[in-house]
Amino acid sequence: MSFIVLRDVIKEYKTAHALRGVSMEVEKGQWLNIVGPSGSGKSTLLNIIGGLDSASSGEVIIDSTNLGGLSENDMAVFRREKIGFIFQQSHLIPYLTAVENVMLAQYFHSMADEQEAVDALARVGLGHRLKHRPSQLSGGEQQRVCIARALINSPEILLADEPTGNLDRENTKVILELLKKIHSEEHFTIILVTHDPFVSQWGQRVLTMEDGKIKCDEFICYL
Amino acid sequence: MSLSVIYEAVVVGFKECFKAGIVWLIFSAYIVANGKRISIMPFYYGILCVFLISAASFFLPREFVNREYLSNFISTSFAVIFLASGAALFHASGANPEAKGGLGGIAVFLFTILFFSPDAVGSVLFLKELSLMKEAEVMTYVSALAGVFLAAGLALVIRKASNPAWLGSFFTLPQLLLFLAIVKLLSGGIKGIAEISLIPAVQRGFMKFSHDFIHQTLVILMVPDHLLLSTTVWDFIGIFFGPNLASIVSLLALLFFPFMFIYYSLLKPAPEPEAGRGPERRKIKYLLLSDRRRKALPVVFFVCIIVTTWFMQRGEPVTKLYNPKPKPVVEEQGAVMIPLDDPTMNLRDGALHKFALTHQGEEIRIMIIRKPDNALSVCLDACEICPPDGYGQSGEHVICIYCITPIPISALGEPGGCNPIPLSASVDSKFVRIELGEILKKWEYVKSGKSKEGIK
């Protein structure tokens with residue numbers, strides 16, 4: 001069985017269908033990009049895989065665990081242990097420093113360890129910006145702090161929702177290079193949502209969505 | 001027959017059975033949490049033995065069981081369990097942070113007997129005395145049994161409502177032993193309602209120790225004149241063994257091991273796990289720390305209980321002193337003659353008796369009390385060092401009213417320190433005879449506030 005399996009996943013809101021029977025499989029360690037126009041259901045799909053939202057029907061099975069059968073507490077543990085998130089907005093705590101923001105993720109996982117957080121920031125090239133608050137960092141640097149925060153607990157899946165949406169091309173490239181480097185070292189699974197054709201080429205597989213359905217699924221060359 | 005008999009008997013029965021019930025509850029939870037590596041059967045066998053010992057004590061003649069020895073045995077059993085808990089806490093707090101200890105079946109059996117039997121025997125004897133005194137044998141025992149069933153029912157209800165695995169997760173061997181010591185401390189008294197806990201006895205013991213220690217140290221330092229042992233100096237030195245400081249110092253001594261354990265559990269950093277990646281390593285460390293903190297919770301709880309009850313019961317030895325009004329006596333032909341027995345009193349009844357002799361307008365008090373060996377102790381109602389406020393009786397001790405120092409009745413007749421000044425007296429079949437010269441000579445020491453020649 002594949003690492004991530006979705007079977008006929010439907011997500012309905014009162015007046016709209018966000019997902020209309022999505023089925024797909026993702027192997028462990030794969031880098032999957034999901035592309036599509038606004039409102040195609042990319043982010044909804046990502047949120048359901050990450051346990052932030054639930055499907056109206058269908059099955060979501062990750063590492064042999066059916067998310068539909070998990071209680072709220074078990075779901076929290078699942079997210080804590082398996083998933084790392086990166087969003088378009090950094091969502092860093094403004095009054096904490098870069099290293100403290102990373103330590104916060106450690107704290108909610110188990111306990112804080114400053115040295116480990118420092119090492120993680122050094123790994124994303126921010127060893128010299130440890131004590132800076134988010135407002136003192138550039139957009140690219142903030143997103144690098146988010147990568148360090150997302151990966152500090154060694155998740156098996158990294159979910160990134162438009163991680164470069166706020167960045168210029170140069171910083172986008174820096175972030176993608178960084179993700180590529182860490183992915184090749186740690187072999188975790190990446191599912192990245194984007195509408196940027198440049199970003200969508202930085203993976204092994206591209207899934208195109210339209211109107212809540214998968215329109216196209218193709219394997220590409222890892223740039 | 002009064003309601004107080006029923007009440008006292010119910011309290012005694014309830015107390016003894018609830019004590020057993022609560023220990024059973026925690027011990028069985030401890031067993032569940034520790035994977036049932038030990039059996040609860042030795043505990044049951046121990047309880048059976050305690051029951052047999054108590055039943056046998058019921059048929060023993062009254063004189064056979066010495067009340068003072070029994071009290072000492074109860075205090076000693078508390079001390080043994082408390083020190084054992086201290087040793088276990090120390091072991092767990094030492095260089096080996098994950099030190100594990102276990103209980104063997106024989107240890108459980110012997111501990112159960114040591115823990116319950118002295119209190120149970122004491123309670124049986126108390127009930128026996130109560131029933132004879134109040135001439136209400138049936139009602140006393142029925143009431144005690146009612147207390148037993150009430151406590152057993154309550155323990156079963158608590159057992160039903162509790163989750164043994166959760167409860168047991170707070171306990172390893174040190175916490176279990178400390179819990180036993182706390183139960184003993186809070187319910188080890190054997191005199192029914194009057195002394196439901198051991199705290200007054202423990203306070204007296206600590207204060208006596210601190211008093212003796214300070215006194216002996218000073219005596220050693222001041223030999224041969226004891227010039228500094230004047231009343232004025234003792235007014236200051238008395239602070240150290242008075243009811244406040246001595247009580248607090250002795251409380252801190254009692255709490256030393258628990259404090260050490262809490263310090264270790266809450267403040268010492270966790271050892272670094274040898275293997276594992278970052279998050280795994282942090283998780284192992286976190287589990288170690290949270291388990292340590294969880295295990296510290298009952299110790300914190302016990303400390304709160306000890307401190308609360310300690311201060312709630314502080315001063316009991318003073319307020320509950322038996323201090324009879326001195327009966328006037330007169331001097332005849334150079335001596336004071338006090339009858340052993342008259343319609344109003346019996347000098348051999350174990351209670352404190354006081355007499356007042358007026359000489360040249362000055363009142364001199366004499367006290368007489370039967371010692372555990374049945375000899376009569378005749379002393380001045382004053383000591384060498386304190387102002388002559390006299391003594392009151394509290395159980396097996398007389399207490400100096402001025403400095404609150406407890407003196408065991410068995411130690412009366414020994415001179416020095418805060419002991420009542422002994423008087424040479426002769427006792428025949430009818431009277432206690434004390435020479436006036438002896439009384440006046442010793443009274444002079446009291447007035448001078450120091451024992452220049454030593455009182456021998």
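A:W31 is buried, with 21 other C-beta atoms within 10 Å, where buried stands for 20 or more such atoms, exposed for 12 or fewer and partly exposed for anything in between, the C-beta atoms being placed from the backbone. The model is a predicted one, in which local features need pLDDT of at least 70 and side-chain atom pairs count only at pLDDT 80 or more, while totals for chains, interfaces and linings use all residues. Residues are numbered from 1 along each chain as its sequence is written, and chains are lettered from A, with ligands numbered from 1, in the order in which they are written.

**The two chains**

- Chain A comprises 7 helices and 10 strands, the elements being DSSP runs numbered from the N terminus, with at least four residues of H or I for a helix and at least two of E for a strand.
- Of the 223 residues in chain A, 42% are buried, and residues 24 or more positions apart supply 67% of the chain A contacts that have a separation of 6 or more; a contact requires that the C-beta atoms of two residues, placed from the backbone, lie within 7 Å.
- Chain B has 14 helices and 14 strands, and 36% of its 456 residues count as buried.
- In chain B, 75% of the contacts between residues at least 6 apart in sequence join residues at least 24 apart.
- Between the chains, 7 residues of chain B are in contact with 8 residues of chain A.
- The side of chain B that touches chain A is made up of 2 nonpolar, 1 polar and 4 charged residues, with Ala, Val, Leu, Ile, Met, Phe, Trp, Tyr, Cys and Pro taken as nonpolar, Asp, Glu, Lys and Arg as charged, and the others, Gly among them, as polar.

**Surroundings of A:W31**

- A:W31 belongs to strand β3 of chain A, which covers residues 31-35.
- Leaving aside residues up to four places away in sequence, A:W31 touches A:H183, A:I190, A:G203 and A:Q204.
- The C-alpha atom of A:W31 is separated by 7.7 Å from that of A:L192, although the two residues are 161 residues apart along the chain.

**The six-stranded sheet of chain A**

- Strand β3 also takes its place in an open sheet of 6 strands with mixed pairing, ordered β6-β7-β8-β3-β9-β10 in chain A; strands pair if DSSP finds at least two bridges between them.
- The edges of this sheet are β6 (83-86) and β10 (213-219) of chain A, each of which has a single partner strand, so one side of each is left without a neighbour in the sheet.
- Neighbouring strands of the sheet are turned against each other by 15° on average, direction ignored, the axes being lines fitted to C-alpha atoms, for helices over the stretch in contact, and angles running from 0 to 180 degrees between N-to-C directions.
- Strand β9 (residues 205-210) of chain A runs antiparallel to β10(A) and is joined to it by 6 bridges, and A:T208 stands opposite A:C216 in β10(A).
- Helix α5 (residues 139-151) of chain A lies across β6 and β7 (157-161) of chain A, and its direction is at about 170° to β6(A).

**The four-stranded sheet of chain A**

- A further open sheet of chain A has 4 strands with antiparallel pairing, in the order β2-β1-β4-β5.
- β2 (17-26) and β5 (65-66) of chain A stand at its edges with a single partner strand each, so one side of each lacks a neighbour in the sheet.
- Strands β1 (residues 4-12) and β4 (residues 57-62) of chain A are paired in the antiparallel sense over 5 bridges, and A:R7 has A:E59 as its bridge partner in β4(A).

**Helix packing**

- In chain A, the axes of helix α3 (residues 98-109) and α5(A) come within 8 Å and cross at roughly 25°.
- This makes α3(A) roughly parallel to α5(A), given that angles under 35 degrees count as roughly parallel, over 145 as roughly antiparallel, 65 to 115 as roughly perpendicular and the rest as oblique.
- The contact involves A:A98, A:N101, A:V102 and A:A105 of α3(A) with A:V145, A:A148 and A:R149 of α5(A), and by class it has 5 nonpolar, 1 polar and 1 charged residues.
- In chain B, the axes of helix α7 (residues 173-187) and helix α12 (residues 278-312) come within 10 Å and cross at roughly 15°, which makes α7(B) roughly parallel to α12(B).
- The contact of α7(B) with α12(B) has 10 nonpolar, 2 polar and 1 charged residues.
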